[in-house]
Amino acid sequence: MWSLEQKEIITSKNSIIQVIAGAGSGKTATMIGLLEEREKNQTIHPDKTLIVTFTKKATKEFKERCEKKGLSHLYHISTFHSFCYHSLKHSHFQKNWSKSKLLSESKKWEMTKKILEPNRELIGGIPFSILTKQNGKYLRNLSTAIYENYITSFQNWKRENNYFEFDDLIQEFLDFLKSEDSRTLKKNWKSLIIDEFQDTDEQQLEIIKRMEFESITVVGDDWQAIYGFRGATPKPFLEFPNHFPNVSQYKLSTNYRSTNAIIQKSLLPIRQNKNKIPKKTISFRKEKGFFHLEIKKENDLFLETIWKKYHSIDSDSVVLTRSNFRKTEWIQVGVPIKQVMTIHSAKGLEFKTVIVDLCQGWSEDLSTIDFEEERRILYVALSRAKDNLIVLMNHTSDPKSLCDRLSEEFSLWNKWRNRTLRWIRLW
């Protein structure tokens, strides 16, 4: 049974649609419903329809849902990078992509080490992943000359050895679309549906525009844009109407996942962000569940104590951390590896009981942090919980600590809660 909001989207006759969907609002189910409706009315060509997801897991899930609904098997459902590779492989544009190999992370760092070896004294012990992220921002600050030499040497090596990275695919495909050779490809595609559009970057947006689709449906939640380290930004989603003036916007505001108490807590950090699309979040569920705030005291056994406490309540409890290092610390105290994960890896998932660790793992270098994105990361973590949510905070607040800055909202909420309980007892 579809809600009124979902029905509006599914039955829409508009060619350009932007769906602004909150966490747990059934956006994927709505997209399946939209395809079902269009197939029934014969207003879509499955063999000329591209459906883009941002992970292989999401691609698999979308295909399975289409199969369960008995929809056409002719849709091209893939990640953005997979589509670009598939298209380039059959285009013979500039080079033979069928002979190209995806560069592994280990091989990349091996070559990076070799190229930067002569400058090891200047670089010191800084990890290569930090040196090269954000277009080599850290390395450029150390030395522009070293950075430019590294980029030139690395690109030449990739070209000579037929290696490519995901970013190369996007740029190469964009160059292809600017050429006359792309005319045939563009004619083959009529419709586009993109899930998690808030994870799109500027180059991917440019590709969408240059493909000249007759029908475009983008679905996303700018509140869950958390891939800044990949170059993604919520800007394309926020400014989508500027690029496609004829767009019709729809909102999915009902949360079918979480209890109302959890929804209200998850909204605490996101309310402070200025760059966002305002939307209501309505709770569908009437169950209670619980929200607990656990304050870390001077106790080395804090993690073990917390895990034993909540594991006894729900053996399937899941711990969410900000870093892989902090994840390892939880595993060392006995948490099964399947029940602790980073917040980024938990995106798109949901669990009955979630423990969000705000004590450690968050950056201490506040000068380099995008606070709006960090609040979105926290929002994603909190909104994974269905019934029960536990937030771990430090006992004392350090103004230089990001995790403490982000947990201020919960600290204020806790003080208000304690005052209210005391007043009730006195009354």
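Buried means under 20% relative accessible area, exposed over 50%, and partly exposed in between, with a 1.4 Å probe and protein chains only.

A quick word on what you're looking at. This is a predicted model, where local features need pLDDT of at least 70, side-chain atom pairs count only at pLDDT 80 or more, and totals for chains, interfaces and linings use all residues. Residues are numbered from 1 along each chain as its sequence is written, and side-chain values use heavy atoms, leaving out hydrogens and water.

Let's start with the whole chain. The protein chain has 20 helices and 15 strands, which are DSSP runs numbered from the N terminus (helices H or I with at least four residues, strands E with at least two). Its radius of gyration is 24 Å, close to the 22 Å that the globule rule gives for 427 residues, so the chain is as compact as a globular protein of that length. That radius is taken over C-alpha atoms, and the rule is 2.2 Å times the number of residues to the power 0.38. Of the 427 residues, 49% count as buried. As for contacts (heavy atoms within 4.5 Å), residues 24 or more positions apart account for 76% of those with a separation of 6 or more.

Most residues other than glycine have a negative phi. Q42, however, has a positive phi near 55 degrees, and this residue lies in the loop between α2 (27-40) and β2 (49-53). E212 also has a positive phi, about 60 degrees, although it is not a glycine. You'll find E212 in the loop between α11 (202-211) and β7 (215-220), exposed with a relative accessible area of 54%.

Next, the rings. The structure holds 15 aromatic pairs; rings of Phe, Tyr and Trp (its six-membered ring) pair if their centres lie within 6.5 Å, with planes under 30 degrees apart counted as stacked, over 60 as edge-to-face and the rest as tilted. One of them joins F83 and W189, whose centres are 5.5 Å apart and whose planes are at 80 degrees, so the pair is edge-to-face. F83 lies in helix α4 (residues 80-89) and W189 in the loop between α10 (183-188) and β6 (191-194), so the pair ties together parts that are 106 residues apart in sequence. Both F83 and W189 are buried. Another pair is Y256 and F284, with centres 5.0 Å apart and planes at 50 degrees, so this one is tilted. At 32% relative accessibility, Y256 counts as partly exposed.
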